Amino acid sequence: MNNQQAKAEPFLKVRGLTKMFGNFTALKHLDLDVSESEFVCFLGPSGCGKTTFLRAIAGLDIQTKGSIIQAGKDISALPPAERDFGIVFQSYALFPNLTVRRNVAYGLENEGKDKRAVNARVDELLKLVGLPDQADKYPAQLSGGQQQRIALARALATSPGLLLLDEPLSALDAKVRGYLRHQIKDLQEQLGVTTIMVTHDQEEALTMADRIVVMDNGIIEQVGTPTEIYREPRTLFVADFIGEMTQVEAVATSSSSAQLGNIQLATTQFDGDKGDAGVLTIRPEDILVYTSKKKSGDNIFAAKIDELEFLGSFWRAMISSDKLGSSRLKADISINVARDISLTDGMELVVELPQRSLRFYPGEKLL
Amino acid sequence: MTVIPASERVKPKLGRDDWVMRSFIAVIGVYLVVTLAFPLYAMLSKSLSTFQFDLTQFELQIDKGDGWSDTISVKQLNDKIGKYSSAELNTSSDGRLPIVSMLPDFSFRGKTKYRLRNVGDKSFFIHGSEQILGTKWHEYSSNEFRRVMLRPIKSIGFGNFIQYFSTPALFNSISNSLFIAFISTIITISLAFTFSYALARSKMRGKGIFKIIAMMPILVPSLLPGIALVYLFGNQGMIKGLMGGYSIYGPIGIVIGSVFFTFPHAMIIIQTALSISDARLYEASDALGASKFKTFMTVTLPGARYGLISAAFVVFNLVITDFGLPKVIGGQYNVLAVDIYKQVIGQQNFEMGAVVSVVLLIPAMFAFGVDRMVQAKQVAMLSASSVPYQPKPNKRFDRTMLAYCLLIAGFIITIIGVCQYAALVKFWPYDLTFSLTNYDFDLMDGGGWGSFYNSLKLAIMVAIIGTVVVFTGAYMVEKVPGFGAGRTTFQFLAMLPMAIPGMVLGLAYIFFFNNPSNPVNFIYGTMAILVVCTVTHFYTVSHLTALTALKQMDKEFESVSASLKQPFYKLFARVTVPVCLPAILDISIYLFVNAMTTVSALIFLYSPDTTLASIAMLNMDDAGDIAPAAAMGMMIFYANATARTLHAWASKGIYKTTQAWRTR
């Protein structure tokens with residue numbers, strides 16, 4: 001990362017975190033640093049260990065091995081009540097028999113504050129989440145999105161140093177989800193609270209997170225900013241999991257080129273040598289198409305449109321070529337380009353696979 | 001700051017909440033161990049204890065005025081005259097063998113002197129109430145010697161069981177009990193299924209009132225139908241002629257009475273099973289052109305099968321473990337539960353009582369096991385999202401069902417009505433004027449009005465203490481994180497009482513609590529032991545009710561509360577208890593009603609100061625005061641009916657005030 005981060009002690013420092021359930025290892029020796037005020041997403045398919053990781057940080061399911069240091073304090077073995085965090089669950093977990101006001105005030109009441117101060121704080125929080133006039137309703141009288149905002153207000157009431165969000169938007173419908181995404185992100189920036197959110201929704205992670213932790217099978221596959229994760233997936237799993245990705249089998253010809261069918265393609269640098277079999281990937285939107293035969297150079301070859309599918313803002317084309325052998329490539333062609341080249345099914349054209357977008361993963365099999 | 005090395009296992013630090021919760025679970029766990037596991041263990045070991053007079057352990061010298069004779073063992077003495085066979089030397093813990101019975105020429109006026117001693121330290125004998133151990137000679141005059149008794153030696157083995165199974169009068173009860181339970185189960189299940197079917201699938205009128213009437217038998221002790229049947233079909237019965245020469249005293253009476261008191265239990269379970277069946281299956285069956293009968297056979301019955309099986313085993317268990325009814329109307333027909341009573345109270349043979357208890361435990365445990373397995377499957381069916389079935393009017397069907405329900409309701413009302421009539425009539429069948437003399441309990445055996453007040457006191461205490469203990473226990477089991485082995489053990493102990501017949505539990509309490517070396521021996525004979533025994537006896541159903549309510553709560557409440565640094569008891573008091581209040585009220589009324597009606601466990605445990613209404617009923621009936629017994633039965637009915645009405649009323653009120661959040 002940048003120098004500033006390297007110098008400052010991270011707010012949350014996880015080292016060698018391992019969690020076993022009987023013989024099953026749910027988390028395998030995880031290391032992670034989270035800096036102050038950062039918004040980090042744990043992203044992965046279900047069963048990858050992301051929720052287990054979050055619950056270990058919260059102390060709800062304490063890890064088998066490894067340490068967690070928060071704000072310079074070793075919290076590895078502490079029960080949840082002795083840690084400093086607020087948490088929001090997918091199910092909201094609002095107390096059904098308490099009004100919204102008393103739900104939000106739940107964590108404030110025995111801090112020795114007088115009633116007026118508590119009420120004032122509750123009003124402030126409700127305003128913050130945009131529900132200032134719902135204080136006297138019961139949770140069941142609110143919509144799912146509203147309930148989740150109340151849960152957020154309750155978690156923030158005690159001004160915790162760390163906010164943990166466990167799939168907070170998964171139970172909501174698409175529209176509310178989009179709205180709440182922004183609200184949570186704005187709130188987080190406004191308050192500067194360090195936040196970790198667990199999600200299986202890559203769009204959520206890409207739009208909200210400062211950094212994403214991609215997990216699979218109890219290990220961290222990659223940590224990076226959304227663009228890093230999207231543009232430079234370190235492993236084939238990440239490449240496959242985030243966004244659309246075409247995968248074809250290929251063989252390395254050097255540490256920055258691979259043979260696909262009859263063509264040798266220049267790729268980004270990878271950790272492998274001539275002769276390594278592996279998987280070559282490219283995102284459909286990175287493939288460039290031209291009509292003119294003038295264009296020539298590396299990674300450019302003649303091809304033909306096999307299938308064409310209209311998807312609104314772009315066309316998805318299946319491309320084949322003598323050069324590619326039996327492999328076919330998926331290409332997303334924007335409406336503008338399609339108009340310029342008068343795209344039609346079966347047409348012949350020239351295709352470029354830009355070197356910076358081609359990544360080769362030696363030793364991998366198609367996913 | 002010290003950082004835990006990566007290779008080392010993290011030892012979670014326990015917070016204050018963890019300690020408090022673990023102490024709670026330990027306290028209630030210890031409660032269950034002391035009130036359930038230990039007594040049962042005491043009973044099992046009792047059933048395996050055999051007692052025998054070992055005559056080789058005693059030695060005798062006789063002085064007929066010419067000096068002491070040679071030492072002879074008592075065994076030689078017995079062998080010489082052939083007084084006792086070795087089988088006759090088997091006895092119970094209380095056995096006493098007069099030494100002089102083996103001296104044919106003994107006279108207590110004689111001048112002969114005797115010396116007796118133990119050979120080793122295994123045996124002892126008594127002189128009056130004095131216990132004599134050790135190998136020192138003890139000298140007695142003839143007059144004193146007649147008061148010397150040999151005492152048996154205890155050993156562990158299956159002797160009691162061998163004796164049990166070689167006594168036809170005893171083991172015949174096994175087949176009797178199984179027969180009664182089997183027949184009653186078939187009849188009750190058929191009747192209850194049809195009744196529930198009418199309630200769930202017809203459009204007949206009066207469903208609400210039928211439901212109330214069908215629940216009435218729960219409010220009275222199981223021996224009440226016995227008394228009513230005596231009035232109806234007994235030797236001087238109102239409609240004795242209908243019996244066609246058969247006697248109501250025996251299997252017929254037991255079966256009819258059992259059907260009466262098990263009916264509501266079966267109905268509740270079957271009704272739940274029927275109410276969860278999916279309307280879409282009926283629509284599909286209709287659309288496929290299946291006949292009504294075919295739909296019934298392929299949709300209704302399979303859908304309710306788990307409910308039916310579960311209900312059958314519950315009824316079987318209730319009948320085979322019931323004591324009050326066969327005691328009142330069983331006549332000479334012996335069943336296991338009554339055998340325990342006869343062995344213990346009648347013959348003071350505690351070991352044999354324990355043996356019969358173990359025998360009775362086997363079918364009860366089996367029925368319990370099957371029920372639990374089936375219940376688990378039923379729950380799985382419940383979770384499927386289904387569309388509730390809405391019956392359509394069908395005149396002929398609705399009328400038939402109405403007629404059937406009237407018949408059943410009539411049967412229930414008749415039994416209770418006859419009791420009421422018997423209680424009010426001065427002297428059946430000679431003086432039919434109405435009076436309240438039968439309610440003058442103070443003139444009868446059984447403890448008088450005091451018994452009734454004791455019962456009320458017991459029921460209230462059981463309802464309050466039991467609810468607190470059960471609900472707290474269930475909360476700890478459900479919500480304490482980690483602690484796997486403790487939780488499993490606790491769960492097992494909480495489920496166990498349902499498999500233990502009341503008679504067995506009561507007897508086990510005698511063995512455990514009446515033991516002078518037991519540090520809590522002091523509660524024996526007090527109200528406290530009755531409360532403890534009743535709470536334990538009815539623990540399982542209450543525990544399951546509490547668990548069901550708790551499982552419906554979001555499992556993250558505890559996490560949220562902890563993250564907000566609030567102690568668990570705040571959550572418990574402010575959220576858990578208020579949300580579960582309807583279930584808590586259900587538990588308390590269940591415990592109250594059962595404490596009012598139970599006989600079986602407490603029959604062994606009450607003392608003259610703690611006589612109870614249901615037991616007074618039994619004792620008055622035993623003494624021939626049947627009308628007062630009926631009157632007492634009706635008092636129990638009034639008390640329970642009042643309690644239930646109050647409960648319904650309170651639930652409604654509480655629902656309005658504290659459950660407002662449930663309405664959108």
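What volume does the second largest pocket have? In this predicted model, the second largest pocket takes up about 1200 Å³. Its lining is made up of 46 residues, and those nearest the pocket centre come from both chains: A:Gly59, A:Leu60 and A:Pro80 from chain A, with B:Asp18 and B:Pro481 from chain B. Several elements give two or more residues to this lining. From chain A there is β1 (12-21), while chain B brings α1 (16-47), α15 (448-479), α19 (539-551), α20 (557-563) and α21 (568-597). Helix α1(B) provides the largest share of the lining, with five residues.

Chain B contains 23 helices and 13 strands, and its C-alpha atoms fill a box of roughly 105 × 90 × 50 Å along the principal axes. Among the contacts of chain B with a separation of 6 or more, 78% join residues 24 or more positions apart.

Of its 664 residues, 54% count as buried, that is, with under 20% relative accessible area.

Technical notes:
Residues numbered from 1 in each chain as written. Chains lettered and ligands numbered in written order. Predicted model: local features only at pLDDT ≥ 70, side-chain atom pairs only at ≥ 80, totals over all residues. Heavy atoms only, no water. Helix = DSSP H or I, 4+ residues; strand = E, 2+ residues; numbered from the N terminus. Buried < 20%, exposed > 50% of the residue type's maximum accessible area, 1.4 Å probe, protein only. Contact = heavy atoms within 4.5 Å. 1 Å grid on protein atoms, 1.4 Å probe; cavity = no way out; pocket = protein on both sides within 12 Å on 5 of 7 lines; lining within 4 Å. Points joined across faces, edges and corners; volume = space filled by probe spheres on them.
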